[in-house]
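Here is a friendly note to read alongside the model, point by point. Please keep the sequence and the 3D view open as you go.

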Amino acid sequence: MFWDGALILFKNSRQSILSLSTAEAEIGALTTLVKYVSGFEQILKTLNYILQKVALYCDNNAAIKQAREGASWRTRHYIIRAEFLRKIFSRSLYKVSRIDTSENPADVLTKFLSPEKHVKA
């Protein structure tokens, strides 16, 4: 999580559930991120600072679509997480956007990259 361009939270761990697709894994990661951002939002409220807009980025088109529109019969095994995200994103505070994999700073810690991409990040 970045705040004004500075990294303030980083978590790297195995997900607690077994994902059957990358979209499901991204839905799980987005759900965890929203929980952390909501907690951070509460801390800021105690300091009398109100967030205007929170931008969340994901590099998986299927996960973004399911988070915005809800899950379908084919994704019923993680429908609760997708519906949670749909309700959160329907509020105007949170906005999920696509980020290209080549621009994703999280990839440095999750994928094998060339030395040039590590320097760029």
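1. Contact here means heavy atoms within 4.5 Å. Helix α2 covers residues 61–69, and its axis lies 8 Å from that of α1, at an angle of about 55°. The axes are lines fitted to C-alpha atoms, for helices over the stretch in contact, and the angles run from 0 to 180 degrees between N-to-C directions. That angle makes α1 oblique to α2; angles under 35 degrees count as roughly parallel, over 145 as roughly antiparallel, 65 to 115 as roughly perpendicular and the rest as oblique. The crossing of α1 past α2 is right-handed, a term for a near helix turned clockwise from the far one by less than a right angle, with anticlockwise giving left-handed.

2. A word on the basis of all this: the model is predicted, with local features needing pLDDT of at least 70 and side-chain atom pairs counting only at pLDDT 80 or more, while totals for chains, interfaces and linings use all residues. Residues are numbered from 1 along each chain as its sequence is written, and side-chain values use heavy atoms, leaving out hydrogens and water.

3. Now the overall plan. The protein chain holds five helices and four strands, in the order β-β-α-β-α-α-β-α-α from the N terminus. These elements are DSSP runs numbered from the N terminus, with helices being H or I of at least four residues and strands being E of at least two. Among contacts with a separation of 6 or more in the protein chain, 67% join residues 24 or more positions apart.

4. How much of the protein chain is buried? Of its 121 residues, 30% count as buried, meaning under 20% relative accessible area, where exposed is over 50% and partly exposed is in between (1.4 Å probe, protein chains only). The chain exposes about 8,600 Å², and 57% of that comes from carbon and sulfur atoms. Accessible areas come from the Shrake-Rupley method with a 1.4 Å probe, and for residues only the protein chains shown count as cover.

5. Helix α1 also packs against α3 (residues 79–90), at an angle of about 50° and with the axes 10 Å apart. That makes α1 oblique to α3, and the crossing is left-handed. On the α1 side the contact uses Ile27, Gly28, Leu30, Thr31 and Val34; on the α3 side it uses Arg81, Ala82, Phe84, Leu85, Ile88 and Phe89.

6. Arg81 is worth a look within that pairing. This residue of helix α3 is partly exposed, at 26% relative accessibility. Leaving out residues up to four places away in sequence, Arg81 touches Ile17, Ile27, Gly28 and Thr31. Arg81 and Thr31 are 50 residues apart in sequence, yet their C-alpha atoms are 6.6 Å apart in space.

7. How many salt bridges does a search of the whole structure find? It finds one, where a salt bridge is a side-chain nitrogen of Lys or Arg within 4 Å of a carboxyl oxygen of Asp or Glu. The side chains of Lys45 and Glu41 form it, at 3.9 Å from N to O. Both residues lie in helix α1 (residues 22–46), four residues apart, or about one turn of the helix. Lys45 is partly exposed at 41% relative accessibility, whereas Glu41 is buried at 11%. Setting aside neighbours within four places in sequence, Glu41 is in contact with Leu51, Arg91, Leu93 and Tyr94.

8. Next, please check the loop between α1 and β3 (54–58), which contains Asn48. Phi of Asn48 is near 60°, a positive value in a residue other than glycine. Most residues other than glycine have a negative phi. Asn48 is exposed, with a relative accessible area of 71%.

9. Finally, turn to Ser97 in strand β4 (residues 94–98). Is Ser97 buried or exposed? At 15% relative accessibility, Ser97 counts as buried. Residues up to four places away in sequence aside, Ser97 touches Leu56, Tyr57, Cys58, Ile64 and Arg68.
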